[in-house]
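Me: I'd like to go through this one label by label. Can you tell me what stands behind each term?

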Amino acid sequence: MFNSLSDRLNSTFDKLRGKGRLTEDDINAAMREIRMALLEADVNYRVVKGFVAECKEKCMTAEVLDSLTPAQNVVRIVLDQLTKLLGTTESRLTLAQNRTPNVVMLVGLQGSGKTTAASKLAYLLKKQGHSPLLAACDVHRPAAADQLETLGGEIGVPVFRGDGKDAVAVAKGGIQDAVDRLCDIVIVDTAGRLQVDEEMMQEAVDIKNVVKPDQILMVVDAMTGQDIVNVVTEFANRVDFDGVIMSKLDGDARGGGALSVREVTGKPIKYVSMGEKPDSLEVFHPDRMAKRILGMGDVYGIIEQAQQAADQQNIESAERMLREGFTMDDMLEQMQQVRKMGGLKKMIGMLPGGDRMLAQAGGNMDDSQITRIESMIYSMTKEERLKPKKINGQRRKRIARGSGRSVQEVNQLLKQWGEMNKMMGKMRQMANEGASSKKARRQMKNMMRGFGGANGLDLNQISNSFGKGMKF
């Protein structure tokens with residue numbers, strides 16, 4: 001995601017960091033680099049022109065040119081302008097309080113990912129305590145209703161298909177079905193076409209007039225590039241959508257569409273989809289995305305993922321570790337926490353400089369490496385998991401054979417366990433030396449939630465287990 005753009009921008013900033021003072025020529029050279037980086041990322045040229053002009057104007061002030069840290073000021077200005085370009089503040093889904101059910105209508109071109117986005121949005125709303133229903137109003141694409149019903153079944157959300165012939169009738173019937181089922185939100189999945197045409201637009205307008213949606217969201221494929229401008233402009237003129245769901249953002253290294261759509265239409269990006277799983281739809285945060293583009297990471301996002309993954313059982317496990325120490329079962333639980341938080345690759349990508357680290361690793365940092373650790377732990381006996389210090393050379397060979405790994409990998413895993421067990425020992429010592437149990441528990445929870453939830457996930461230690469030598 002935005003890999004090429006991030007690399008070009010950071011290369012430009014690296015050149016500026018070597019200068020004690022900046023001249024007008026330095027600023028002009030940097031702006032040329034930024035302009036080329038954005039154009040290569042397939043950002044709309046009008047958007048690029050306005051963005052670079054604003055950045056240059058702010059960079060040419062005496063505050064920047066005479067500063068002791070001019071490069072930092074330039075980065076700050078580009079970050080501020082990039083955040084402004086993406087929307088400044090997050091824009092959540094707006095639902096009417098005095099209407100049941102609320103109606104959310106999805107529109108977009110064929111292949112943009114509307115049906116998948118509909119199921120992901122339903123999953124997200126269900127997690128938030130709502131009771132959604134999916135209305136299969138794409139009556140033109142073969143098996144579209146079957147696909148939606150399959151996706152709905154996977155997440156436990158009902159799907160209304162109607163007669164499968166009249167999209168407007170299906171939409172209207174979906175509203176009544178939601179009332180009968182006591183569902184509070186209806187998500188209307190409409191038909192798309194390979195290009196913007198009158199038939200598609202009129203059908204969307206007819207559905208809108210009948211169901212009177214509270215929100216109309218346009219699903220846009222992030223890989224559309226500059227063509228996105230023409231598409232969203234036409235939809236904005238005809239159906240006047242309220243916001244954008246940017247799909248397949250993980251599949252485009254350029255991301256120019258995401259940087260263009262907000263500026264061109266004035267419509268906010270509400271959600272982004274970065275994966276195929278039902279939980280891969282996320283609320284769009286412009287400031288966090290801008291930081292990720294500039295290689296600053298998204299630490300807030302990691303914390304939120306950890307909080308969502310943490311539960312009461314995790315809290316109890318943390319308190320038990322304080323009393324009894326850190327076992328291999330606890331490490332196994334950490335691996336499961338990583339999966340709950342979206343996987344290792346996603347977590348690393350959200351760290352400052354994470355995208356660059358992933359590029360240097362050649363794409364090898366995936367969950368298969370977590371599986372290797374799990375296989376080694378599963379090959380241990382119950383006693384060995386509880387007391388890893390008992391694992392001698394002979395046992396290490398047996399664990400390696402049982403898991404299909406090498407003895408060296410088993411040694412690395414035990415070394416990681418030893419480091420984390422030492423940390424637990426320090427925490428116990430602190431508690432025994434007079435800290436109140438309540439304070440000790442609070443300090444331990446804060447310490448261990450740092451990146452990975454109540455079980456103390458440490459990406460440095462995980463990466464070392466893989467033998468990559470990567471430092472986060």
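Predicted model: local features only at pLDDT ≥ 70, side-chain atom pairs only at ≥ 80, totals over all residues.

Me: What makes L182 exposed or buried?

Reply: Buried means under 20% relative accessible area, exposed over 50%, and partly exposed in between, using a 1.4 Å probe and protein chains only. L182 has a relative accessible area of 73%, so L182 is exposed. L182 sits in the loop between α8 (167–181) and β4 (185–189), where helices (H or I, at least four residues) and strands (E, at least two) are DSSP runs numbered from the N terminus. The phi of L182 is positive, about 65 degrees, although L182 is not a glycine.

Me: And why is A143 called partly exposed?

Reply: Its relative accessibility is 44%, so A143 counts as partly exposed. A143 lies in the loop between β2 (132–136) and α7 (144–155). A143 also has a positive phi, near 70 degrees, in a residue other than glycine.

Me: How much of the protein chain counts as buried?

Reply: Of its 472 residues, 52%. The chain has 23 helices and eight strands.

Me: What makes M36, L39 and Y45 a nonpolar patch?

Reply: Nonpolar side chains (Val, Leu, Ile, Met, Phe, Trp, Tyr) are joined within 5 Å, like charges within 9 Å. L39, in helix α2 (residues 24–40), has a relative accessible area of 33%, so L39 is partly exposed. Together M36, L39 and Y45 have about 280 Å² of accessible area, by the Shrake-Rupley method with a 1.4 Å probe, where for residues only the protein chains shown count as cover.

Me: Which residues are closest to the centre of the second largest pocket?

Reply: The second largest pocket has a volume of about 350 Å³. Of its 21 lining residues, G111, G113, K114, T116 and K248 are closest to the centre. Helix α6 (residues 114–127) gives the most to that lining, with five residues.

Me: How do you know what counts as a pocket?

Reply: On a 1 Å grid over the protein atoms alone, a pocket is an open set of points with protein on both sides within 12 Å along at least five of seven lines, whereas a cavity is a set where a 1.4 Å probe fits but cannot get out. Lining residues have an atom within 4 Å of a point. Points are joined across faces, edges and corners, and the volume is the space filled by probe spheres set on them.

Conventions. Residues numbered from 1 in each chain as written. Heavy atoms only, no water. Patch = residues over 30% accessible without salt bridge, like charges linked within 9 Å, V, L, I, M, F, W, Y side chains within 5 Å. Salt bridge = Lys/Arg side-chain N within 4 Å of Asp/Glu carboxyl O.
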